[in-house]
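Visitor: I would like a close look at one part of this protein. Please keep it brisk, and start from the inside.

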Amino acid sequence: MSFLDYAPAPESRAIVRLRPSYGLFLDGEFVDGHGTPFPTISPATEEHLAEVATADEHDVDLAVAAARRAYDEVWSKLSGSDRGKYLFRIARLVQERARELAVAESLNNGKPIKESRDLDIPLVAAWFFYYAGWADKLDYAGLGANPKALGVAGQIIPWNFPLLMLAWKIAPALAAGNTVVLKPAETTPLTALLFAEILQQADLPPGVVNIVTGAGATGQALVRHPGVDKIAFTGSTAVGREIARATAGTGKKLTLELGGKAANIVFDDAPIDQAIEGVVNGIFFNQGHVCCAGSRLLVQENVHDDVVERLKHRLSTLRLGDPLDKNTDIGAINSQEQLDRIRELTAAGEQEGATPWSPPCELPANGFWYAPTIFTGVQASSRIAREEIFGPVLSILTFRTPQEAIAKANNTPYGLSAGIWSDKGSRILAVADGLKAGVVWSNTFNRFDPASPFGGYKESGYGREGGKQGLSAYLAPSGGAQ
Ligand code: NAD
């Protein structure tokens, strides 16, 4: 250990008591599934954590029936302020169990504990607090007086922010008066199942939220179920397309939060050190498993060399390793499948002539790991400039004028987010105006707030989550359900 190395500072696992196996959460109880159970592991060590049930079509049917019953008999009859009380209670229980949830999230997902502890779980609580406040104010959501809930919402979420994506889905749905069947991702089911325990603690009426674990087939059964009134999906564009086809013409409402290939645009007048922090946060936060990650750095040509040099210096200080160590900056890749995808795309980047660079860094022997990597000399037509890598990999391109920056930033099938780094407010506003992206950050990146709507254009999907806009996805304007 050199003079400046950090001593290990592992968070204790003792706070999480995982059961050896988990059932489905149906109608307020944990029950066995009819599908074949599957193991869930820690991607950092490949250690077996628990056995998890698989919901087949029959189980999904039971879950939807429970949600419908709860909607008809209980939830739709409660006042908004009573629904709000349940949401406040859930938010407070999340806060009470925050350390346990953070450790479980880092164990099952591989993300650094400082991110799950300081970002994921506090935002989960914030989302429930925020929508708890809306539950009795739906008349002010901009949909006319007395908007109506849709009924049963089927929600399918990915593995990159397991509990936070659950909160983004469940909190507005319940506040608006819907009941829910939610399917977590197959690699990260654990915090959703701990959340089910929280629902029991909160005395949420049975059937208001049901959690069905399993892989794509379980998601498909939920999407196709005729008893579901709305589908909310976050995940890949390919699956989003399939869901759009499956729901077309069925009358089901649909919102899709899909991938992204965001540009982080650095002008020569930007505060460069601050921009470097934002670029690093933009792509290496959560190992780059972020749909709005700033995966393309567009840097003004005259500061390119300086920016790249400082970026390399900063990357050399990042610590990769045990997600439960409080000093860790870069954790594990979530699965072997995702690691293979990252390797395939970075190999393509090299073949297409771009130059990769990674800081010296020792990868652990077990688990799934990828060193933070930057590519210079990237052509706009290269696969690593166009396709979502969803890993700790940054593609660097240059521009000369603001017009060129806008054109290059928009030269993507996606349109989820973007970042602008400049000292000039007028330039930031002018460039932001030209960007086709749902969220544009200026002199910051990856900021999330429950009051702020989030969502994309083009292949990044449609619909907004967060804010009062996020409620409209779960409400029909007065005059009846659509
Ligand atoms: P995915 O779209 O395959 O999975 C997301 C969720 O959908 C999971 O719960 C999965 O079980 C479910 N699912 C899979 N097939 C389904 C189907 N046919 N019908 C209904 N549900 C189905 O995403 P992934 O395999 O986890 O990741 C693949 C790529 O997706 C990543 O490389 C990344 O590019 C992108 N991704 C984007 C986000 C995001 O937040 N936008 C999140 C995760 C992954």
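Visitor: Of the 93 residues in the largest nonpolar core, which touch the most other members?

Guide: First, the ground rules. Residues are numbered from 1 along each chain, as its sequence is written. The model is predicted: local features need pLDDT of at least 70, side-chain atom pairs count only at pLDDT 80 or more, and totals for chains, interfaces and linings use all residues.

Now the core. Ala63, Leu87, Phe128, Tyr131, Ala167 and Ala175 touch the most other members of the largest nonpolar core, which has 93 residues. A nonpolar core here is a set of buried Ala, Val, Leu, Ile, Met, Phe, Trp, Tyr and Cys residues joined through C-beta atoms within 7 Å. Buried means 20 or more other C-beta atoms within 10 Å of the residue's own; exposed means 12 or fewer, partly exposed lies in between, and C-beta atoms are placed from the backbone.

Take Phe128. Setting aside neighbours within four places in sequence, Phe128 is in contact with Leu87, Ile90, Ala91, Val94, Ala167 and Ala171. Contact means that the two C-beta atoms, placed from the backbone, lie within 7 Å. There is also a second, separate core of 62 residues, with Val266, Val279, Ala418 and Ala437 among them.

Next, helix H7, residues 216-224. Helices (H or I, at least four residues) and strands (E, at least two) are DSSP runs, numbered from the N terminus. The buried residues of H7 are Thr218, Gly219, Ala221, Leu222 and Val223. Their cover includes helix H1 (57-73), strands S7 (152-156), S8 (179-183) and S10 (230-234), and helix H8.

H8 (237-247) supplies at least two, as does H7. There are 26 residues around the ligand, and Gly216, Gly219, Gly235, Ser236 and Cys291 come nearest. A residue counts as near if its C-beta atom, placed from the backbone, lies within 6 Å of the molecule. The shell splits into 12 nonpolar, eight polar and six charged residues. In that count, Ala, Val, Leu, Ile, Met, Phe, Trp, Tyr, Cys and Pro are nonpolar, Asp, Glu, Lys and Arg are charged, and the others, Gly among them, are polar.

Now a sheet. S1, S5 and S4, in that order, form an open sheet of three strands with mixed pairing. Strands pair if DSSP finds at least two bridges between them. S1 runs parallel to S5, joined by two bridges. Tyr22 has Val52 as its bridge partner in S5. S4 and S5 (residues 48-52) are antiparallel, over four bridges. There, Ile41 partners His48, and Thr40 partners Ala50. S4 and S5 form a hairpin with six residues between them, and Glu46 in the turn has a positive phi of about 65°.

Asp27 has a positive phi of about 55°, although it is not a glycine. Asp27 sits in the loop between S2 (24-26) and S3 (29-31). Lys458, also not a glycine, has a positive phi near 50°. Lys458 is found in the loop between S18 and S19 (461-462).

Finally, S18 itself. S17 (417-421) and S18 (439-442) run parallel, joined by four bridges. Ile420 stands opposite Ser442 in S18.
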